[in-house]
Amino acid sequence: IAANFTANLTNLNLPSGYCTTVTLILRQGSTGYYSNALQIGGSAQTYNTNWYWQGGSTPSGTANKKDVIAFNITNNNGTYTTYAQLVTWG
């Protein structure tokens, strides 16, 4: 990973009223990076409106570790709400 990046989830076939989890495993180098933006089907998800990080603030990547980001996504009549968390391993 060379920089923070946008996670763009394409072809997310999630019916209204359902939820799913998408997990990213990031093997970090000497500088830790993370997904600082989220898109679903090309539509940007706005942080603090329909995208929330655990603990209420955006985390940062952890150098020389493995970071796991889990996006828990719910479709409410075409509006997605996402709850995200980052956990560091190793």
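**Close-up views of a predicted all-strand chain**

**View 1. Surroundings of threonine 82 in the predicted model.** Not counting residues up to four places away in sequence, threonine 82 touches Leu38, Ile40, Asn50, Trp51, Tyr52, Phe71, Asn72 and Ile73, where contact means heavy atoms within 4.5 Å. Threonine 82 lies in strand β7, and with a relative accessibility of 0% it counts as buried (buried means under 20% relative accessible area, exposed over 50%, and partly exposed in between, with a 1.4 Å probe and protein chains only). The model is predicted, and local features need pLDDT of at least 70, side-chain atom pairs count only at pLDDT 80 or more, and totals for chains, interfaces and linings use all residues. Residues are numbered from 1 along each chain as its sequence is written, and side-chain values use heavy atoms, with hydrogens and water left out.

View 2. Strand β6 (residues 66-76) and β7 run antiparallel and are joined by eleven bridges; two strands pair if DSSP finds at least two bridges between them, and strands are DSSP runs of E with at least two residues, numbered from the N terminus, whereas helices are runs of H or I with at least four. Within this pairing, alanine 70 stands opposite glutamine 85 of β7. The two strands form a hairpin with two residues between them, and in the turn asparagine 77 has a positive phi of about 55°.

View 3. Four strands, in the order β2-β6-β7-β5, form an open sheet with mixed pairing. Strands β2 (19-27) and β5 stand at the edges with a single partner strand each, so one side of each is left without a neighbour in the sheet. From one strand to the next the twist averages 20°, with axes taken as lines fitted to C-alpha atoms (for helices over the stretch in contact) and angles running from 0 to 180 degrees between N-to-C directions. The parallel part of the pairing includes strand β5 (residues 51-53) and strand β7 (residues 79-89), which pair over three bridges, and here tryptophan 53 has alanine 84 as its bridge partner in β7.

**View 4. The aromatic cluster.** Tyr47, Trp51, Trp53 and Phe71 form one aromatic cluster, and the structure holds four aromatic pairs; rings of Phe, Tyr and Trp (its six-membered ring) pair if their centres lie within 6.5 Å, and planes under 30 degrees apart count as stacked, over 60 as edge-to-face and the rest as tilted. Tyrosine 47 and tryptophan 51 form an edge-to-face pair, at 5.8 Å centre to centre with 85° between the planes. The rings of tryptophan 51 and tryptophan 53 have centres 5.9 Å apart and planes at 45°, so this pair is tilted. Tyrosine 47 counts as partly exposed at 24% relative accessibility, whereas tryptophan 51 is buried with a relative accessible area of 4% and tryptophan 53 counts as buried at 5%.

**View 5. The whole chain as context for the close-ups.** The secondary structure comes to zero helices and seven strands. The radius of gyration is 13 Å, close to the 12 Å that the globule rule gives for 90 residues, so the chain is as compact as a globular protein of that length; the radius is taken over C-alpha atoms, and the rule is 2.2 Å times the number of residues to the power 0.38. Along its principal axes the C-alpha trace spans about 40 × 25 × 20 Å, and 30% of the 90 residues count as buried.
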